[in-house]
Amino acid sequence: MRTPTRRSVIGASVALAGTGVLAAACSDSVANVFSGGDSAVNAPKGYVTPDGEEVTAAEKKRAGSGGTVRRVRLTAAETRLDLGERTVRSWSYGGDLPGREIRVTAGDTLALTLANHLPDSTSLHWHGIALRNDMDGVPGLTQGPIKSGAQFDYRFTVQHPGTYWFHPHTGVQQDRGLYAPLIVDDPREPLSYDREWIVLLDDWVDGVDGSTPDAVLDELRGGMGGMDMGGSKSGSGSTGHGMSGMSGMSMRGEASASSDGSGPSRRLMGAHSDLLGGDPGDVAYAYYLVNGRTAKAPSVFRARPGDRIRIRFINAGGDTAFRVALGGHELTVTHTDGYPVRHAKGDALLIGMGERYDVVVTAGDGTFPLTALAEGKAASTMAVLRTGAGAAPTAGARPRELDGRLLAAHKLTVDESVALRPRTPDRTIRLQLTGTMMHYDWAFDGKPYDASQRHPVCAGERVRLEFHNRTSMWHPLHLHGHTFALAKGQQDGVRKDTALVLPKRTLTVDFDADNPGLWMLHCHNVYHSDAGMMTVLGYRS
């Protein structure tokens, strides 16, 4: 990963300007339902289209701030990847794991051509970026699939500085090696630091003993068969992941072959996390990675004692929350999901799938483990910070900071420069999170995803989303094209695009409807989303 030189220019973050071109009122005669069937035929009328004039006008407004055009060519292809202790065959961008970072400055236009050399169709989603809708990368909703052998030109203005990333929005492809960081620099960067360390966390199964993410999904969709999981068997989700009492089963999921015979079973059994409210996930991965490497052959970041290091954490995993700590160091959280927070000090950090956190540390003298604990899965991985002499930490190093002061979104406070102004919501959308491990039928309101789903919103509204988690599983929820605020009094208005909701809990968030289009809202557990826990917020035209 690239290490920029010292930057200490004092200023304010680039603020989001209102689109100005969006009408504050619109017709809203469509109920919060979907018609079902093929989206091209049955899509509800009266909504902004991904390439509509409203989208074009909003993009023109963003591009009016100037900036340069950053041109990139990217190839997605099948390749061999060295994880450190073994080599696997998988898919990646440019043959690298993670893919090489793309770096722009807020206000720039990114013009990227993706060449698809994969055996299947693919796409690119720009996670966390408020961009024009037809560049959002959701096949069947905002664009057509990029077929094998074809290419697609993405072009959009990037308005907000921060830590972002990109990955496919096609099936479970994200759980291969198709991910990379997108860093948007602030031209008036207020944070002073000497070095930057981009850290991507991942869980890995592809190409290991015959396993693939698609085979894992097939096994999970096979459900729990006739197993008695305890609790209710109703469709409300109350059965959930009630496996913590199944003491005779393997947490590693290796007791039996998978349902289709392609490698060992990868179903996670007998695992528990108090932090996540019970079951930590569905998949027992073969490896856990930091920057594409296992703990037995870790990546190493070099700095000098006393350096202020900005660490940009990105959880690119498919089914794993990570608890991270840097041995011998205190973390100061400065941003989450690209937006600043009041600086908060702690020892460890809990990061769900799709979340990003920026922290600053002052480097000690020696060699230190950056340990990422696969929360609740009895496994960990590691990278190394080296600033001086000393033996490298062992692969199983568990710094005491992991059990110290834990930081997460609910313990942070928004920086006033990016706080949403107080306003009564114009609209409230209530969504029930439903599904069980027994049937693997994750969904919103008991309805599996269909591209013609629409929950209507109107441009200019303050929209409140209430997520009522009726399941026995935690879910990281991600909204495309917007950043929301965690409700005041609940989590002090922190700006996020991905937030965790624990079992049997409710999460409330607010956002301003200022980016017209059809926007995906989904669980960022890649297996839950592909099973059906996705829906669409649609702007009325």
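Which order do the strands have in the open sheet of four strands, and with what pairing?

Modeller: Bearing in mind that this is a predicted model, the open sheet of four strands has the order β3-β8-β7-β5, and its pairing is mixed. Its edge strands are β3, covering residues 102-105, and β5, covering residues 125-127, each of which pairs on one side only. From one strand to the next, the twist averages 25 degrees.

Elsewhere in the chain numbering, strand β29, which spans residues 506-512, is mostly covered, with five of its seven residues buried. Strand β24, residues 462-469, runs antiparallel to β29 and is joined to it by seven bridges, and in this pairing V463 stands opposite F511 of β29. Strand β26, residues 484-486, also pairs with β29 in the antiparallel sense, over two bridges, and here L486 stands opposite V509 of β29.

A last point concerns R540, which lies in the segment after β31, the strand of residues 534-539. R540 counts as buried because its relative accessibility is 8%, where the cut-off for buried is under 20%. A polar atom of the R540 side chain lies 3.3 Å from the backbone oxygen of K45.

Note on methods: Residues are numbered from 1 along each chain as its sequence is written. This is a predicted model: local features need pLDDT of at least 70, side-chain atom pairs count only at pLDDT 80 or more; totals for chains, interfaces and linings use all residues. Side-chain values use heavy atoms; hydrogens and water are left out. Buried means under 20% relative accessible area, exposed over 50%, partly exposed in between (1.4 Å probe, protein chains only). A polar contact is a pair of N or O atoms within 3.5 Å; within protein, one must be able to donate a hydrogen and the other to accept it, and residues adjacent in sequence count only if both atoms are side-chain atoms. Two strands pair if DSSP finds at least two bridges between them. Axes are lines fitted to C-alpha atoms, for helices over the stretch in contact, and angles run from 0 to 180 degrees between N-to-C directions.
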